2 protein chains.
Amino acid sequence: MEDSTTREDGGRTTAARQDGVLRTVAIGALQLEAGGALPEVELAYETWGTLNADASNAVLVQHALTGDTHVAQGDGDEPGWWDALVGSGKPVDTDKYFVVAPNMLGGCYGSTGPSSLDPEGTPWGSRFPFVTIRDSVRAEARLADRLGIRRWHAVLGGSMGGARALEWAATYPDRVRHCVVVAIGGYSTAEQIALAQAQVLAIRQDPAYRGGDYYGGPAPVAGLGLARRIAHISYRSEPELNFRFGRRGQGAENPVEAPGAAAERGRYQVESYLDHQAEKLVSRFDANSYVTITEALMSHDVGRGRGGMQRALAGAKAEFFLASVNSDRLYFPEQSDELARALPGEVPVHSIDAKIGHDGFLTEIGQLGGELRRRVFTG
Amino acid sequence: MEDSTTREDGGRTTAARQDGVLRTVAIGALQLEAGGALPEVELAYETWGTLNADASNAVLVQHALTGDTHVAQGDGDEPGWWDALVGSGKPVDTDKYFVVAPNMLGGCYGSTGPSSLDPEGTPWGSRFPFVTIRDSVRAEARLADRLGIRRWHAVLGGSMGGARALEWAATYPDRVRHCVVVAIGGYSTAEQIALAQAQVLAIRQDPAYRGGDYYGGPAPVAGLGLARRIAHISYRSEPELNFRFGRRGQGAENPVEAPGAAAERGRYQVESYLDHQAEKLVSRFDANSYVTITEALMSHDVGRGRGGMQRALAGAKAEFFLASVNSDRLYFPEQSDELARALPGEVPVHSIDAKIGHDGFLTEIGQLGGELRRRVFTG
């Protein structure tokens, strides 16, 4: 286990740090794509492994919508969300690669977000500006500068993390050697925008939300919980839900018994399950960050202002590795196929075989291990 | 045009009435499946055509979740929601058949529902009991009695209307000659329950809902509007939404421009479209009825308490006519196929070819006209 102190070396912080421990770096002011600005931005991140002498072994891992920086277990006990992919001896081998996982701009896992304090010491709340996927990637480029990483060996992510990986390859062609995009296409579709709108409205319509200025008072847990329910249904396949829950009642509860008021009927198991998913999220996530990042994801469109997806990616120098989940009904495999066709050269789309739906990019990521070792992490 | 007065004839009301005009009938007290009761129930309905002497030409048409009794245009100007199917010279020819369309128990188009007054003259609101699909069908059987209809030539419906049609065939085998079930299976699945829960929560979490006792005050329009958005996405196919709206902004609005607060960004077209769908529904539908009927639809399970779907339908004497919409991702065609396998004999599932998704059971119902004339409405 290494020492957790860092050493500043000519503006470059070399790695002498604990694996999988949260740290933050100030990256200065940021002008934003939508026209706003943030005067002082911090990005939180974790790292695993050691940056080599020529800084050629760095890997950027991007989390999904409600994900965090804890990709792999590291030196603590807490398991990571891509433990099957990242770690000592794993496909992304932290004995060989220096892995960096930042929290997205606007998030609630350490990076500057709506719950952060503005320069006057008040939480941003409703005044937090609109940030896009591109804004986050520009912020992450400054993090790379601070860490002395000129070019990533690989940038990879799934779902919204994949959107950021793709934006990296389009925005900084010289800084990405391999780009791994899992379970997302080149832009958010009308359907994905529609589902996102419902989630954002669920939060905004919660009276506890108070336009976003709820800090110091009760959090809009009902609205955030409803947003999570809507999202979670889309993350799972229809057969998965039906196989697990069917029409069963929860425990002894009878969903078709309500001698008194209708509101007193018992719950179906699937309702109880979604209640649980909602409770888990509201205990760990900030509603404003949920809105901020969801709207950033709505903005995902690698071709915007660049003459469309194909022209936007024509200059990308990365080798691309695409994958989709065959049962995904939120980010359909067809959307990954469309992205592949827009990329220079022949780019195959690897398929994760999972019954679960979109969340297969988390639960079944190990399926990509062999191909990733052969094509991307050969070191 | 016939006279709109009705003639009581030995307890039987024969038809001498205007087509497509709302009327109501009192059917007495109703004990409910879930254990509650309603002391006085009225059902609203419309009719078209004339009941023949032996009452053998009666057809029951069942509306979907937010549908109403106005199936066909009739003598007024207002178009009906199944005009392509029902009317003079149409497949369900009102020159030959006597068509009856009741509003579901719990609804807000004339039948007793949460907005109705209880015996003390107060709206039921939060005290309105839990009603099931079966309760509604039992109420409709009393309507049939009042109209002098012992046996329907056909009972037909799509979506939730199909659930009620199916329940008719299972509950009253001797009273249904043909049963037409479009775009729904034999039970509500875990996924359909999950989507319904989100919609019900959207309404219940609106502070204006006040547990259901909002009459006389502002209605929970935000919650009902959100419920509609969630539902509407599921009624349309993903390609339909993307083809119509893509990532375009609404008019001159720019969804990726918000120099001030994030909440001030422009809308995507698909957001504006769903806003419009929400506004339309809240102007015509009662939130309590939405909750009541949605929970009734969650209860849909023809096999409940009857030894499963196959045994429940073993004694059904109707000739079944099933159809599904090939792009439906709410009531998947597979669920209609499963229902067909549970029915006695060989029952084919007709396919409506539509890109739109579930709502194809409304927009493309004309596709079934030929087969329905050949198999059901041969008179």
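Reader: Which domains of chain A does the lining of the largest pocket draw at least three residues from?

Author: This is a predicted model, where local features need pLDDT of at least 70, side-chain atom pairs need 80 or more, and totals for chains, interfaces and linings use all residues. Residues count from 1 along each chain, chains are lettered from A and ligands numbered from 1 as written, and side-chain values use heavy atoms, without hydrogens or water. A pocket here is an open set of 1 Å grid points where a 1.4 Å probe fits, with protein on both sides within 12 Å along at least five of seven lines; lining residues have an atom within 4 Å of a point. By an automatic or database assignment, the domains in question are domain 1 (7-188 + 301-375) and domain 2 (193-293).

Reader: OK, how much space lies in the largest pocket?

Author: There are 41 lining residues, with T66(A), G67(A), R228(A), R284(A) and L362(A) closest to the centre. Counting the space filled by probe spheres set on the points, you get about 880 Å³.

Reader: And which residues lie nearest the centre of the second largest pocket?

Author: That pocket has a volume of about 690 Å³. Its lining has 26 residues, and those nearest the centre are T66(B), W81(B), R228(B), R284(B) and L362(B).
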